Structure formats: structure tokens, C-alpha cells
Amino acid sequence: MNLHLAEISAQVATDAHAVVILDQAGWHGAKALRVPPNISLLPLPPYSPELNPVENLWQFLKHNYLNARIFETYEAIVAACCDAWNRLRAVPGQISSITSRDWVKAVNL
């Protein structure tokens, strides 16, 4: 997570500040977390999947590609997940349409 934040920080313009929205994953609040000064962390409330676009993406994958199946091996699970992801990626604009929100707008100041 520290490397991820450092990379985000490096991409933020010198006269800008980034807000990173996080779910409640344990490593997002680890004591060893080093938050660069040009980033603020905004944690989502617990149990709020409707606010986390990745949850909608996961729900779409499960509903459309991975539901009602029994897998014989771990490798079969990984192969099915990779196939589902690649099928999702093959449709232009699909990920954006699932994860975008009307109330979220990126702003360049």
C-alpha cells in the first residue's frame, strides 16, 4: 500500500492534492502506512458496497460469468476468473459503465 500511495503521489501535479477513497481493508489503515503530504485518505463507511465501484464490478463478474458453477480445482477457479476478466475487458467501455457514478467527477483545478 505504501508503494501504491507513493506512485499516486508521484502522479499528482505539484500544485494539486489527491483524495484516495478506501474501503475498510485492514492494510488501508495499517500503522506502518506512510501517506504522502499531497494525499488525503477518505475511508468509506463500513458495509457500504454501493459506494465502492469495485464491488459493482465484482458483482457483475459473478452474476454474468462465475455464478452457479462448481470448480474441481483451484486452477479451474483461477482459469474461470481470468476468462471472466478477459471477456469483460473485451467489451469497450464496459468497465467504465459499471464503475462510473454520476455524482463522482474528476476535476482538474
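# Briefing: cores, contacts and surface features

Ala68 is exposed, at 85% relative accessibility. Ala68 sits in the loop between H2 and H3. The model is predicted. A search of the whole structure turns up one salt bridge, and the structure holds one aromatic pair. The largest nonpolar core counts eight residues.

**Backbone at Ala68**

- Ala68 is not a glycine, yet its phi is positive, at about 50 degrees.
- Most residues other than glycine have a negative phi.
- The loop between H2 and H3 is the place of Ala68.

**Salt bridge**

- Which residue forms a salt bridge with Arg87? The partner is Asp83, and the closest N and O atoms are 3.7 Å apart.
- That distance meets the cut-off, because a salt bridge needs the side-chain nitrogen within 4 Å of a carboxyl oxygen.
- Both residues belong to helix H3 (residues 74-89). Arg87 and Asp83 are four residues apart there, so about one helical turn separates them.
- Arg87 is partly exposed, at 44% relative accessibility. Asp83 is also partly exposed, with a relative accessible area of 39%.

**Aromatic pair**

- The structure has one aromatic pair. Phe60 and Tyr65 form this pair, with ring centres 6.2 Å apart.
- Their planes stand at 75 degrees, so the pair is edge-to-face. The cut-off matters here, because planes over 60 degrees apart count as edge-to-face.
- Is Tyr65 buried or exposed? Tyr65 is buried, with a relative accessible area of 15%.
- Phe60 is partly exposed, at 23% relative accessibility.

**Nonpolar cores**

- The largest nonpolar core is made up of Leu57, Leu61, Tyr65, Leu66, Ala80, Ala84, Leu88 and Ile98.
- Helix H2 (53-66) and H3 each supply at least two residues of this core. H2 gives the largest share, four residues.
- A second, separate core has seven residues. Among them are Val12, Ala18, Leu22 and Ile39.

- Leu88 is a member of the largest core. Leaving out residues up to four places away in sequence, Leu88 touches Leu57, Phe60, Leu61, Tyr65, Gln94, Ile95 and Ile98.
- Those contacts of Leu88 include Phe60 and Tyr65, the two residues of the aromatic pair.
- Leu57 lies in helix H2. Leu57 is buried, with a relative accessible area of 11%.
- Which residues does Leu57 touch, not counting residues up to four places away in sequence? They are Trp85, Leu88, Ile95, Ile98 and Thr99.
- Of these contacts, Leu88 and Ile98 belong to the largest core along with Leu57.

**Nonpolar surface patch**

- Val19, Ile21 and Leu42 form a nonpolar patch on the surface. Together they have about 280 Å² of accessible area.
- Leu42 is found in strand S2 (residues 39-43). Leu42 is partly exposed, at 46% relative accessibility.

**Leu3 and its distances**

- Leu3 lies in helix H1 (residues 2-11). Leu3 is exposed, with a relative accessible area of 75%.
- Leu3 and Pro43 are 40 residues apart along the chain. Their C-alpha atoms are separated by 18 Å.
- Leu57 and Leu3 are 54 residues apart along the chain. Their C-alpha atoms are separated by 24 Å.

Key:
Residues are numbered from 1 along each chain as its sequence is written. This is a predicted model: local features need pLDDT of at least 70, side-chain atom pairs count only at pLDDT 80 or more; totals for chains, interfaces and linings use all residues. Side-chain values use heavy atoms; hydrogens and water are left out. Buried means under 20% relative accessible area, exposed over 50%, partly exposed in between (1.4 Å probe, protein chains only). Rings of Phe, Tyr and Trp (its six-membered ring) pair if their centres lie within 6.5 Å; planes under 30 degrees apart count as stacked, over 60 as edge-to-face and the rest as tilted. A nonpolar core is a set of buried Ala, Val, Leu, Ile, Met, Phe, Trp, Tyr and Cys residues joined through side-chain atoms within 4.5 Å. Contact means heavy atoms within 4.5 Å. Patches are made of residues with over 30% relative accessible area and no salt bridge: like charges are joined within 9 Å, nonpolar side chains (Val, Leu, Ile, Met, Phe, Trp, Tyr) within 5 Å. Accessible areas come from the Shrake-Rupley method with a 1.4 Å probe; for residues, only the protein chains shown count as cover.
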